[in-house]
Amino acid sequence: MTWLWNILAAAGAGALGAMGMGGGGILVIYLTLALGTPQLQAQGINLLFFLPCAAISLIVNGLRKLVDWKRALWIALGGLPTTLLGIWIAGKIEMKWLGWIFAALLIVIGLKELFSKPKQEG
């Protein structure tokens, strides 16, 4: 029966991630709480899971002309070195604190999404 929960968690995280809503948070929570996976390992699994989801989303949105490629390149160039820095810092933090930091970030982001007003187009 665990395999069914694994499939449902992966499908839910993939669907939310493809819509840009951070399905990785759900996947990390599932891996740590339901399966007992250590926080750092769960985050690594989430990143690996994210790659094909991001690739598919990028292809679909690129074909629909919804990607500003110039801006995306600059963001990627800034994101790559800071990702390495984040990996190094995460490796230095005790697992208990890493989990608390992750939980706090999820709460802050969730509250921001709940209470922020949508931007008006045009």
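What follows is a chat about a predicted model of one protein chain.

Me: Hi! What kind of secondary structure does the protein chain have, and how many helices and strands are there?
Reply: Hello! This is a predicted model, and its chain has 5 helices and 0 strands. Read from the N terminus, the order of elements is α-α-α-α-α.

Me: What box do the C-alpha atoms fill?
Reply: Along the principal axes, the C-alpha atoms take up a box of roughly 45 × 35 × 30 Å.

Me: And how much of the chain counts as buried?
Reply: The chain has 122 residues, and 16% of them count as buried. As for contacts between residues at least 6 apart in sequence, 48% join residues at least 24 apart.

Me: Nice. Which residues of α2 are buried?
Reply: The buried ones in α2 are Gly23, Gly25, Leu27, Val28, Tyr30, Leu31 and Thr32.

Me: What about isoleucine 26, is that buried, exposed or partly exposed?
Reply: Isoleucine 26 sits in helix α2 too. Its relative accessibility is 40%, between the 20% and 50% cut-offs, so isoleucine 26 counts as partly exposed.

Me: What comes after α2?
Reply: Glycine 36 follows α2, and its phi is positive, near 70°.

Me: Switching to the core: which residues make up the largest nonpolar one?
Reply: That core has 6 residues, namely Ala13, Leu27, Val28, Leu31, Ala42 and Phe102. Helix α2 gives the most to this core, with 3 residues. In general, nonpolar side chains tend to be buried together in soluble globular proteins.

Me: OK, helix packing. How do α2 and α3 sit against each other?
Reply: Helix α3 spans residues 39-63, and α2 packs with α3 at an angle of about 140°, their axes 9 Å apart.

Me: Why isn't that antiparallel?
Reply: Roughly antiparallel needs an angle over 145 degrees, and the angle here is about 140°, so α2 and α3 are oblique to each other. Their crossing is right-handed.

Me: Which residues meet there?
Reply: On the α2 side they are Gly24, Leu27, Val28, Leu31 and Thr32. On the α3 side they are Gln39, Ala42, Gln43, Ile45, Asn46 and Phe49.

Me: And what about α3 with α5?
Reply: Helix α5 covers residues 95-115, and α3 and α5 pack at about 50° with their axes 9 Å apart. That makes α3 and α5 oblique to each other. Gln39, Leu40 and Gln43 in α3 meet Met95, Leu98, Gly99 and Phe102 in α5.

Me: Last one: where is lysine 65, and what is its phi?
Reply: Lysine 65 is in the loop between α3 and α4, the latter being residues 69-92. Its phi is near 60°, a positive value in a residue other than glycine.

Me: Buried or exposed, that lysine 65?
Reply: Lysine 65 counts as exposed, because its relative accessibility is 73%.

How values were computed
Residues are numbered from 1 along each chain as its sequence is written. This is a predicted model: local features need pLDDT of at least 70, side-chain atom pairs count only at pLDDT 80 or more; totals for chains, interfaces and linings use all residues. Side-chain values use heavy atoms; hydrogens and water are left out. Buried means under 20% relative accessible area, exposed over 50%, partly exposed in between (1.4 Å probe, protein chains only). Helices (H or I, at least four residues) and strands (E, at least two) are DSSP runs, numbered from the N terminus. A nonpolar core is a set of buried Ala, Val, Leu, Ile, Met, Phe, Trp, Tyr and Cys residues joined through side-chain atoms within 4.5 Å. Axes are lines fitted to C-alpha atoms, for helices over the stretch in contact, and angles run from 0 to 180 degrees between N-to-C directions. Angles under 35 degrees count as roughly parallel, over 145 as roughly antiparallel, 65 to 115 as roughly perpendicular and the rest as oblique. A crossing is left-handed if the near helix is turned anticlockwise from the far one by less than a right angle, and right-handed if clockwise. Contact means heavy atoms within 4.5 Å.
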